[in-house]
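Please walk me through this structure. I would like to follow its charged pairs, its sheet and a few of its individual residues in turn.

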Amino acid sequence: IKEKGTYAIVEENIIDDAANTLVLQEWYESSTNQVPVSLLVNGNGRIGELINTGDDEQITAHLKGKGAYFNLTENKHFHPDNFTTNYTEFYVKPGYQYRFRVIGAISQNLPLRLSIENHTFTAIAMDSLNIQPVTNLTDLWLAAGERYDIEVQTKKRYNSGRLRNINIPAHKIRVIGYTDPSDKSAGALCTIAWLKYPGQSINHTYVTDTKCTGFVIPSSDCSGTNITTRTLNPVPNSITAWTNRIQYPDWENTSTTGDIFIADLRALKPEPTINWNLNTHYIEFDGRTSFNNMKMTYPR
């Protein structure tokens, strides 16, 4: 089929449209001020009343991947009645399965977590490798350079508000990341995209707040018995989470909640091993060698 100027493959109620791609990334104050100030989905996002600021020490810690605490100050460019950007919108129909490609175009140590309001989803591929489907997921984490393909089953019945002549809001695709992945109290950045059914409305005045209301993972006692989410590829910084993870084949039980690490994923089918014999020539960069007139400062 062709809709809205794009082509989509429809097979057994599965819609595979390249337009359904989510490119996730953080955004910085400028090329010379590397303070992360917002998150983007396909280049779209908004900054609320407060914005991150930081000194050289904080920025250096962030760029070294150590995590950083940034300060929140007034965003002088914030005008609630005059936004210059909108959040990305995805349009779906009831009763179909939509394939989404999620790409972590992240540049620093700022893993991002994706969830979809009132929906679960199935992971079917990782970094272009088809995997055994991991169903009934509530959350998906991505680090820099990672990619997952997921399928979202849209609801067969939904409330459009038409019968009662009221506005029913579209669903939020939520994306959140923490400036210190090992300490969520350090502060968070968050953004959304819209998943819209026919007849639903989009609140074009909405902007995420600094507390990322609605984005926080439900609390857990870390015992593996009080976790309400089913999360794929969590940030690997907790030995407790690793010990209590859902291992293969236990995650095939769709009612089991907890964390699923990539070590427990399985390929859909065995892939052949490719052995390439290359005539490789190595050049040592010792501080004196230049490449395009640029010198490497490391190793020292």
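Seven salt bridges are counted in this predicted model. One of them joins the side chains of Arg 113 and Asp 139, with 2.9 Å between N and O. Arg 113 belongs to strand E9 (residues 112-116) and Asp 139 to strand E12 (residues 139-142), so the pair ties together parts that lie 26 residues apart in sequence. Both Arg 113 and Asp 139 are buried.

A second salt bridge connects the side chains of Asp 149 and Arg 147, at 3.1 Å from N to O. The two partners can be set against the limit for burial, which is a relative accessible area under 20%. Asp 149, at 2% relative accessibility, counts as buried, whereas Arg 147, at 25%, counts as partly exposed. Asp 149 and Arg 147 also belong to a network of salt bridges that links them with Asp 16, Arg 99 and Arg 101.

A further salt bridge is formed by the side chains of Asp 264 and Arg 245, with an N to O distance of 2.6 Å. Asp 264 is located in the loop between E17 and strand E18 (290-291), and Arg 245 in the loop between H2 and E17, so this pair ties together parts 19 residues apart in sequence. Asp 264 is buried at 6% relative accessibility, and Arg 245 counts as buried at 16%.

Seven strands form an open sheet in the order E7-E15-E14-E9-E12-E16-E17, and their pairing is mixed. Strand E7 (89-91) and strand E17 (258-260) stand at the edges; each has a single partner strand, so one side of each is left without a neighbour in the sheet. On average, neighbouring strands of the sheet are turned by 20 degrees against each other, direction ignored. Phe 90 has Leu 195 as its bridge partner in E15.

Strand E14 (residues 171-178) contains Lys 172. With a relative accessible area of 15%, Lys 172 is buried. Not counting residues up to four places away in sequence, Lys 172 touches Ser 115, Ile 116, Glu 117, Ile 192, Ala 193, Trp 194 and Tyr 206. The C-alpha atom of Lys 172 is separated by 9.5 Å from that of Glu 89, a residue 83 positions apart from it along the chain.

Asn 233 is found in the loop between strand E16 (230-232) and helix H2 (239-243). Asn 233 is buried, with a relative accessible area of 9%. A polar atom of the Asn 233 side chain lies 2.8 Å from the backbone oxygen of Trp 141. Beyond residues up to four places away in sequence, Asn 233 touches Trp 141, Leu 142, Glu 146, Tyr 148, Ile 260 and Ile 262.

The protein chain has two helices and 19 strands. Of its 300 residues, 40% are buried. Among contacts with a separation of 6 or more, 66% are between residues 24 or more positions apart. The accessible surface of the chain comes to about 17700 Å², and carbon and sulfur atoms account for 50% of this surface.

Conventions:
Residues are numbered from 1 along each chain as its sequence is written. This is a predicted model: local features need pLDDT of at least 70, side-chain atom pairs count only at pLDDT 80 or more; totals for chains, interfaces and linings use all residues. Side-chain values use heavy atoms; hydrogens and water are left out. Two strands pair if DSSP finds at least two bridges between them. Helices (H or I, at least four residues) and strands (E, at least two) are DSSP runs, numbered from the N terminus. Axes are lines fitted to C-alpha atoms, for helices over the stretch in contact, and angles run from 0 to 180 degrees between N-to-C directions. Buried means under 20% relative accessible area, exposed over 50%, partly exposed in between (1.4 Å probe, protein chains only). Contact means heavy atoms within 4.5 Å. Accessible areas come from the Shrake-Rupley method with a 1.4 Å probe; for residues, only the protein chains shown count as cover. A polar contact is a pair of N or O atoms within 3.5 Å; within protein, one must be able to donate a hydrogen and the other to accept it, and residues adjacent in sequence count only if both atoms are side-chain atoms. A salt bridge is a side-chain nitrogen of Lys or Arg within 4 Å of a carboxyl oxygen of Asp or Glu.
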